[in-house]
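Biologist: I have a few questions about the terms used for this model. Could we look at it together?

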Amino acid sequence: MAIKQLTVFVENKQGTVVSITDTLSKHNINLRALSIAETQDFGILRLIVNDEATAEKILKKEGYLIKITDVVGVKISDEPGKLSEALKVLDENKINIEYLYAFMARTEKHAYVVIRVENNAAAETALANAGFKIVTEADVDKL
Amino acid sequence: MAQNYYQKEIETMPIEEMRKLQSEKLVKQVKHVYENVPYYKKLMDEKGVKPEDIKGIDDLHKLPFLSKADLRDAYPYGLLAKPLDDCVRIQSTSGTTGRRVVAFYTQNDVDLWEDCCARAIVAAGGTKSDVCQVAYGYGLFTGGPGLNGGSHKVGCLTLPMSSGNTERQIQFMTDLNATILCCTPSYAAYIGETLKEQGYKPEDIPLKAGIFGAEPWTEEMRRGIEEVLGIKAYDIYGLTETTGPGVSFECSEQTGMHVNEDHFYAEIIDPDTGEVLPEGSKGELVFTSLDKEAFPLLRYRTRDICVLSRKKCSCGRTLVKMAKPMGRTDDMLIIRGVNVFPSQIETVLLNEGYQPNYQIIVDRVKNTDTFEINVEMTPEKFTDKVSNIIAMEKALANAMKAMLGINPAIHLVAPKTIARSEGKAVRVIDKRKLV
């Protein structure tokens, strides 16, 4: 069920992120969501794209260190308190969140949250049981 | 394992007898040098030493040292001890760290050098039935000519490949069933990787042994080469100034290199005071050529940091053993008062599963040395979690601390951002302004 996230190791150097996004756009890869975690030395760029296999191939060819990670995508309605509800479900199930980021859909009144946990299946089951819609790869492609 | 020797009498000579032989040779050599090399005569006169003061090896410490700087000063003929008419060959260093060194050889010098290489080949199991592929460079560099000559002396079928053209190396190796490979360890690793990529399994490769030297390499690198080529890998040491490869060589025990001390007498000295240190001490390796005629260096400081051992060796050789050099006095760093050798850093990186590609950055901030090491992240270790990467940096810093005694800050950087060694990478950036 999990969705695929592209994870790219980036050095804290001017122009690194733009050269990645440039490369992707040249190959018609569309970004759905993006987040950067950074430390003093390096950053980790996390991307949800429409075609992760192609994106991985072209970035590898450019010499980037890249990895595909399974993450949980969950669709929540765009209203106050909804994200908290989802996170409470994970908390109650003692599922620890490594990181998360969210993005809005262009047309629908929904937000999408990307969550990285240790056990994707457990998180998905817990969220689905609580009535949340789990996002699939097919859903991402349609966005 | 049955032992073969190329020159058994010398290689297994009782230590007292060897010392007597060395003493006789030294007395003659000092006289030869004093009478024929004005540069050396001047050095000895300045120190107040006369040839008659040297009655044996026990007096060696009275002689002045020679350093690389002397060789540069005396370039090209200043240390030549024979008329050019008697010389048949030169070899030379690459000259990357300054003016090149040119070493001269008489026919006897070439012969003793090739004997030394032959001893190394036999110690690695070589016989006249072997096919010996020499993939060191041929030319001014001593690697190719030295092993080529040694291989002839043993009677191996010699493949004088020189370095490079890996496709052709592999073709000759497999078509002609090469059993011994001589080259630099990094080239051996490269040939191994290429064979693997082409689908060769170690058991399909005809090689049984390799003799690798001319650059520093670690035990971890040895294991990698042995595994991928399905061979036993032997170390060989030498320097153009002394003769070339074969000054010392490894035997089946693989616990250090036997010095061909009937030709090259080894000492370990304190690099700061010049004092000779007892067996087992770590210090700078110094060589005295006992037999060389054309270019006989006395007490030449190699800058290699090393340890000598006379522990009994299971191979039966009595020749003193030198450890793999632990670094060089000229690339040794003193950080917060601790001696740090880049080779130690390389060992830790290989142990911890990183590429041996790094850059050391030393600076001084508020009178304290800062010590940072940039290391390339590997695809195997890369993860999407920041906390894991920070933990990796800490683990690597701890491993460095265990080896070096001081704690560096580790920075993981993107792959291939630190230049590879072919391009003479700058391994150390020392920003301290200490003068």
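**Helix 4 of chain A and beyond**

Modeller: Gladly! The buried residues of helix 4 of chain A pack against strand 4 (66–77), helix 3 (82–92), strand 6 (110–117) and strand 7 (133–135) of chain A. This is a predicted model, in which local features need pLDDT of at least 70 and side-chain atom pairs count only at pLDDT 80 or more, while totals for chains, interfaces and linings use all residues. Residues are numbered from 1 along each chain as its sequence is written, and chains are lettered from A and ligands numbered from 1 in the order in which they are written.

Biologist: Which residues of helix 4 of chain A are called buried?

Modeller: In helix 4 (residues 120–129) of chain A they are Ala123(A), Glu124(A), Ala126(A) and Leu127(A). A residue is buried if 20 or more other C-beta atoms lie within 10 Å of its own, exposed if 12 or fewer, and partly exposed in between, with C-beta atoms placed from the backbone.

Biologist: What counts as a helix or a strand here, and how many does chain A have?

Modeller: Helices (H or I, at least four residues) and strands (E, at least two) are DSSP runs, numbered from the N terminus. Chain A has five helices and seven strands, in the pattern β-α-β-β-α-β-α-β-β-α-β-α along the sequence. Of its 143 residues, 27% count as buried.

Biologist: Turning to chain B, what makes Gly143(B) buried?

Modeller: Gly143(B) has 28 other C-beta atoms within 10 Å, and the cut-off is 20 or more. Gly143(B) belongs to helix 6 (residues 143–154) of chain B. Leaving aside neighbours within four places in sequence, Gly143(B) is in contact with Tyr136(B), Gly137(B), Ala214(B) and Pro245(B), where contact requires C-beta atoms, placed from the backbone, to lie within 7 Å. The C-alpha atoms of Gly143(B) and Cys183(B), 40 residues apart along the chain, are separated by 7.7 Å.

Biologist: Why is strand 7 of chain B called largely enclosed?

Modeller: Seven of the eight residues of strand 7 (residues 232–239) of chain B are buried, so the rest of the structure largely encloses this strand.

Biologist: How do you know that strand 6 and strand 7 of chain B pair?

Modeller: Two strands pair if DSSP finds at least two bridges between them. Strand 6 (residues 209–213) of chain B and strand 7 of chain B have five bridges, in the parallel sense, so they meet the definition. Gly213(B) has Ile236(B) in strand 7 of chain B as its bridge partner. From strand 6 of chain B the chain crosses through helix 9 (residues 219–229) of chain B to strand 7 of chain B, and this β-α-β crossover is right-handed; that is, with the strands pointing away from the viewer, the path from the first strand over the helix to the second runs clockwise.

Biologist: What joins strand 7 of chain B to strand 8 of chain B?

Modeller: Four bridges, in the antiparallel sense, with strand 8 spanning residues 244–250. Strand 7 and strand 8 of chain B form a hairpin with four residues between them.

Key. Two residues are in contact if their C-beta atoms, placed from the backbone, lie within 7 Å.
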